[in-house]
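Here are my notes on the model, point by point. Please read them with the structure open.

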Amino acid sequence: MRETVLDVRGTNVRMLEAGTGPVLLFLHGIDGPSADPLLETLAQRFQVMAPEIPGFSRSLIPDWMMSVSDAAFFTLDLIAALGGDKLHLAGHSIGGWIAAEAATRSTSAIASLSLLAPAGVMPKQRPAVDVFLLSGEEGVRALFHDQALADKEIAARAEQPLDITLQNRAGLARLAWTPRMASVTLPHWLHRVDVPTYITWGVEDKILPFSTHEIFMREIAGAQFKSQQGCGHAIPQERGAEVARDMIAFIEGVK
Amino acid sequence: MQVYFFHLMPYGDLDIAESDKYNSAWVTIPNSCFDSAKGMKLYNRYIGELELADQLGFDGVCVNEHHQTAYGLMPAPNLIAAALARSTKQAKICILGRALPLVNNPVMIAEEFAMLDHMSGGRIITGFVRGIGSEYFSNSVNPTFSHERFYEAHELILKAWTETGPFSYQGKHYQFDYVNLWPRPVQTPHPPVWIPSQGSMETIVWCAAAERKYTYLQTFSPYPVAVKAFKAYRDEAEKNGYEAQPSQLGWAIPTYVAETDEIARRELKEHIEVFFNKFLRFPSIEMRLPPGYSSISSTKTLMEMKFKNRTSSTIDTLIDNGMILVGSPQTVRQRIEHCQKEMGFGHLMAMLQIATLPADLTEKNIRLFASEVMPHLQNNAPQLRAIA
């Protein structure tokens, strides 16, 4: 994957970019951007663009960004800055929330929406863990159902500069501290998502309970749903290639 | 030197074995560990201890704010201060402090302090803090806005105290179309503002600014950290073109005196160790330092140095680190006088009750400290400059 920087109305956005084809804009989850099996597989069919959400990784939190609402409008500005045809919007976890919020505001530049265990609505049941209260290693373990993959991720994180880890936490807290990982009003507006939508969720998700998908499915007309058995919150690592193939089939069906 | 009794008002009846089933004395410890009948006795006892300090001639009595913890039972310290306003006669009443970012209406803090200023006859000293990290969990306030909200709330409170209302205040976090304090405070231009901290350079720089000159209180710190913080304050003052006075520096430290050094150590040991190892127990760095609560560089420093979990403190390590004062009156007096010369502080906030320290030992400590240690300190003008 190559790295590019895009100026979005004065804010520099770092992006991982790979592949050719229709543009698929992917908003990362709670731990920032990563080159995982999901993006690698998607890049076989799409021009994948995976920006750092402002406030994550090496991007400091802009003063004006106070909520997911701001991040959602910023995403629409980012899409406008990319130009070109309508693109396919996707996101995981916090990125899924931002993508869904963006789509409730305008779908004029969005061809389809893919949500992987999106945050954004109050879960029907209390999550098993508080994502902000877990220590680094426990936090990683809670993301995964497959603990062998968690071991790999823990090793990878140990190599990651502490600044990046801390910035990811701060970026997430800025957007998702209260209410935790959710919006009071998003369920009321989800009906405005009027593009084909694909939703998938890990049955064993400890961060955002699996049953939360029911609210998205109830509110977004005609959305497709796929449950991921034996999968936790870390869909891009645990089911990356399979979900990417699903998404490719879904998006090609849209055309 | 001025001498104060700083009370944390802990849940002293905590069943330690029961509390060990949970990973912290903060946030996660269920309130089924709290017994109201015992709690009622504790509030009466603790208020009585502060009243005794007033009668014995302490310059001030101090309370503070903490939430959802066995460490301290004062989520609303102004309630205690209000009781003390009526029952104490001469001591300053210090609220050190209110946690500004945790509230959505800072004007109410300005109002409450103004009320207390009247009720106490102008005897209050106010304090502003950010609240500790765990309180962003227990108060649901976004820690990434902590600094911004602190500075903004502080500005709003100072304006409310000093400017004629009604006026409008429009900030990023707080917006008020009408700010018009009834009552205005008694003390002019406003009640003193003291800032407790564990040595954050950003806080020291802010306190020492020429337009503020706030008294800086060093709390719960190893001796070298406290020395460094006070020096940083003096250096900062010098940069700002003035000489920091002892009255701008305060040192808060657990203090225990008894008939001899040996008795003092023996009587305090269990309680001080429980305090550091149980009441200040946090399961993870995450509860203590939520994301964005401090800058990334400060967070890294704190992670590396200060917030290593203190679950293995002993009275000896605490004495060696200069975290506590314990001994005979002579030992403690000499130690304080030595520290004063090295550190240059003008206020000593002695924490004379700690954790599970029972009523009888607390009263003995207060009385012995008041009769054998305090007069020597109060009679000596604090030295302006550090010798070291």
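1. B:Ser221 counts as buried, because 21 C-beta neighbours lie inside 10 Å. The cut-offs are these: 20 or more other C-beta atoms within 10 Å of a residue's own means buried, 12 or fewer means exposed, and anything in between is partly exposed, with C-beta atoms placed from the backbone. B:Ser221 sits in the loop between strand 8 (215-219) and helix 8 (223-239) of chain B. Helices (H or I, at least four residues) and strands (E, at least two) are DSSP runs, numbered from the N terminus.

2. A word on the source. This is a predicted model: local features need pLDDT of at least 70, side-chain atom pairs count only at pLDDT 80 or more, and totals for chains, interfaces and linings use all residues. Residues are numbered from 1 along each chain as its sequence is written, while chains are lettered from A and ligands numbered from 1 in the order in which they are written.

3. What does B:Ser221 touch, not counting residues up to four places away in sequence? The partners are B:Gln198, B:Gly199 and B:Ala226. Contact here means C-beta atoms, placed from the backbone, within 7 Å. B:Ala208 is 13 residues from B:Ser221 along the chain, and their C-alpha atoms are separated by 19 Å.

4. B:Ser197 belongs to strand 7 (residues 193-197) of chain B. With 19 other C-beta atoms within 10 Å, B:Ser197 is partly exposed. Leaving out residues up to four places away in sequence, B:Ser197 touches B:Thr203, B:Tyr216 and B:Leu217. The C-alpha atoms of B:Ser197 and B:Thr162 are separated by 25 Å, at 35 residues apart along the chain.

5. Next, the helix pair within chain B. Helix 3 (residues 77-87) and helix 4 (residues 106-119) of chain B have axes that come within 9 Å and cross at roughly 15°. Axes are lines fitted to C-alpha atoms, for helices over the stretch in contact, and angles run from 0 to 180 degrees between N-to-C directions. That angle makes helix 3 of chain B roughly parallel to helix 4 of chain B. Under 35 degrees is roughly parallel, over 145 roughly antiparallel, 65 to 115 roughly perpendicular, and the rest oblique. Helix 3 of chain B brings B:Asn78, B:Ala81, B:Ala82, B:Ala85 and B:Arg86 to the contact, and helix 4 of chain B brings B:Glu112, B:Leu116 and B:Met119.

6. Now the two chains. Contacts link 15 residues of chain B with 16 residues of chain A. On the chain B side, helix 10 (285-288) and helix 11 (296-304) each supply at least two residues.

7. Helix 6 of chain A meets helix 11 of chain B at an angle of about 115°, with the axes 10 Å apart. That makes helix 6 of chain A roughly perpendicular to helix 11 of chain B. A:Leu162, A:Asp163, A:Leu166 and A:Gln167 meet B:Ile296, B:Thr299 and B:Lys300.

8. How many of the 15 residues of helix 6 of chain A are buried? Eleven are, so helix 6 of chain A is largely enclosed by the rest of the structure. The cover includes helix 2 (68-82) and helix 3 (94-105) of chain A, together with helix 11 of chain B. Among the buried residues are A:Leu166, A:Arg169 and A:Arg174.

Technical notes. Two residues are in contact if their C-beta atoms, placed from the backbone, lie within 7 Å.
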